[in-house]
Amino acid sequence: MSIEPFNRLVKLAARAFYDDYTTKGDNQQKIGRSDNRGMAVVILDALTRRQWVREEDLAKDLKIHTKQLRRTLRFFEEEKLVTRDHRKETAKGAKLYTAAVAATTEVHHGKEGDDKVKLHTHSYCCLDYAQIYDVVRYRLQRMRKKLRDESEGKNTIQEYVCPNCGRRYNALDALRLVSMEDEFFHCENCNGELVAESDKLSVPEGGDADDNARRRRREKIKDMLQKMDTQLKPLIEQLNLVKDIPIPEFGNLLAWEARASAAGRAGNGSNSNDPSKSSQGYGGVPLLYLGETKVEVAFSGVDGKEEDAKSVSAGVGLKVLPPWMIKQGMNLTEEQRGEVKQESKMDGSSSSGFSDDKKTVSEDDEKKSLQDEYARAYYAAILEQQAALEAANKQQEVLETSDLNGPYESSPQRQVGMKFKREDNEGDDDVDWEEAPLGGNETSESYRVHDLNEEAKATPEDEDDDIDWEEG
Amino acid sequence: MFFHIVLERNMQLHPRHFGRNLRDNLVSKLMKDVEGTCSGKHGFVVAITGIENVGKGLIRDGTGFVTFPVKYQCVVFRPFKGEILEAVVTMVNKMGFFAEAGPVQIFVSNHLIPDDMEFQSGDMPNYTTSDGSIKIQKDSEVRLKIIGTRVDATEIFCIGTIKDDFLGVINDPTA
């Protein structure tokens, strides 16, 4: 996927600028055997042959220490040549990555069936071609600018360094740095004397007032400029070639993995078992690129699971919406209103789920049933409040419920929502309605039509309530 | 460089100043507040030359102060990079010298002082050419070129050079 000119650009840049990079500190000896200058070039070259790669894998391939590799990669990250991604994943999840590289390697990591889910941080890295192009151009521009500034007699701003703490200052900070006691600038932290940074490229020939010295310096700088141009010519040419070509983009690690694993699966279906098993540890993969492989997407992340869920629910039908979810004017299917025809006992079925107990209400219109639902919910709420007050009425309730139970089992007007509280509810409802008649009282009216006629004689107050409900 | 521009400011006035002299009070308060200050955007306000417009006062809730939006004309001074100025030396140091050009301070580091001038410490530290013909010390006037400015919110500071042609001492106080 990476285009060849870009890889060549990376290789040229590596050899031009990073061939003396070493992971050893300044104090350590750089003897023949242990000198690892040029390591950077090797690593950059290896990255041109890979896309997103786990750092452990890269270290193994290159046969270098992980720590050295990390140090170098960190250096590259700061130089903006490489992007890194650090991800916490289980060993299982890490396998998905491996599957993504399945086309080129066949390494299968780790063990299956961890009991404890340990999240290790895995680091991945990838060359960032767009940034590399810009960074190389910027570097060249800065080099030329510096040389030109030096040769033009320096309208540059002086820099000062503190030898103690290494802090750098500008001439613009001079106001803050000037001290009263002596004639030097002092550091803000440690009060050490600041040292001016002298000409970096052309060594000043101390205090030489001759024009000759200045001319010599200018010539030295011109020489340097010329040498730079000739030595960097292939790199500059490559930059020009690459300028017009679209930059290879690998995208985010997740996106790349999704793409690569999809491509891999499309290529060889036999590998699909392992990676799909490991998808659990993976989390939400944005499967935006799976256009081609719809057929095989049995359980490849989110999309597959959604499909499964949908198929499951299709068999059961849409869920009955609980009364508190229903607002006025919602277009509810009959299923959702809980009006599908099914018979069941109300007593034993307190927690069996909404989809089971559904009875038709043929006569009722939508509004009534909505109000019924509302009433259910309201009564349930009131129930809590008035539970204490009902102690005296319990016997009455028992009688009523025993009356009510029979007709209910046969009546086709059961509402689903408050089944498990129905017994109490019915009893309480009688009492409640006396005290707080509601618009929703139609509920009771609708299904009590058959029953309350009988009861009306028994409890005369209900007649009043009947009247109220009608008005409501 | 000097500019003559119109600036706007919201002035708060205490009720005790209300009355016949309201406008005068407002103007004098404005002058006291603004002249001599520096903003990073416009530079140093040197002097107010006139009041263009005083808007309607708005009484603040809670306090009795009244806020007037005032538009005024003023002379401002703002140094720019590449500008050439005359300045007066205020302090000479081993690392260079400080000079003032009106309200702005400029620092010339020894690196940007011609190589033939050397620092001489003493009672009156100075920079002198090897033949002693040119001397830079306190209160000397120099012409310098600004090569960098540092603009904070309320402060401007500059770096200068005298290493180019036609720059350097203009007037020697000791001569």
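What percentage of the 472 residues of chain A count as buried? The value is 41%, where buried means under 20% relative accessible area, exposed means over 50%, and partly exposed lies in between, with a 1.4 Å probe and protein chains only.

The model is predicted, so local features need pLDDT of at least 70 and side-chain atom pairs count only at pLDDT 80 or more, while totals for chains, interfaces and linings use all residues. Residues are numbered from 1 along each chain as its sequence is written, chains are lettered from A and ligands numbered from 1 in the order in which they are written, and side-chain values use heavy atoms, with hydrogens and water left out.

**View 1. The two chains.** Chain A has 17 helices and 6 strands, and chain B has 1 helix and 14 strands. Helices (H or I, at least four residues) and strands (E, at least two) are DSSP runs, numbered from the N terminus. Of the 175 residues in chain B, 39% are buried. A contact means heavy atoms within 4.5 Å. In chain A, 68% of the contacts with a separation of 6 or more are between residues 24 or more positions apart. In chain B, 61% of the contacts between residues at least 6 apart in sequence join residues at least 24 apart.

**View 2. Helix α10 of chain A.** This helix covers residues 253-267 of chain A. The expected span of a helix is 1.5 Å times one less than its number of residues. For the 15 residues of α10 that gives 21 Å, and the end C-alpha atoms are 21 Å apart, so the two values agree. Buried residues of α10(A) include A:L253, A:W256, A:A260 and A:G264. An α-helix has 3.6 residues a turn, so residues three or four places apart point the same way.

**View 3. A:F76 and its surroundings.** A:F76 is buried, with a relative accessible area of 0%. A nonpolar core is a set of buried Ala, Val, Leu, Ile, Met, Phe, Trp, Tyr and Cys residues joined through side-chain atoms within 4.5 Å. The largest such core has 48 residues, and A:L47 and A:F76 touch the most other members. Neighbours within four places in sequence aside, A:F76 is in contact with A:A40, A:I43, A:L44, A:L81 and A:V82. A second, separate core has 43 residues, including B:V89, B:I136, B:I147 and B:F157. In soluble globular proteins, nonpolar side chains tend to be buried together.

View 4. Rings of Phe, Tyr and Trp (its six-membered ring) pair if their centres lie within 6.5 Å; planes under 30 degrees apart count as stacked, over 60 as edge-to-face and the rest as tilted. The ring centres of A:F75 and A:F76 are 5.9 Å apart and the planes stand at 45 degrees, so this pair is tilted. A:F75 and A:F76 belong to one aromatic cluster with A:Y18 and A:Y21. A charge sits over a ring if NZ of Lys or CZ of Arg is within 6 Å of the ring centre and within 35 degrees of the ring normal. A:R139 lies over the face of A:F17, 4.6 Å from the ring centre. In chain B, the charged end of B:R78 sits over the ring of B:F80, at 5.0 Å from its centre.

View 5. Two strands pair if DSSP finds at least two bridges between them. β6(B) and β7(B) are antiparallel and share 5 bridges; a hairpin joins them through 2 residues, and B:N93 has B:G96 as its bridge partner. In the hairpin of β7(B) and β8(B), B:G102 takes a positive phi near 75 degrees.

**View 6. B:I84 in strand β6 of chain B.** B:I84 is found in β6(B), residues 84-93. Its relative accessibility is 47%, so B:I84 counts as partly exposed. B:R143 is 59 residues away from B:I84 in sequence, yet their C-alpha atoms are 7.0 Å apart. Leaving aside neighbours within four places, B:I84 is in contact with B:R143, B:L144, B:K145 and B:L167.
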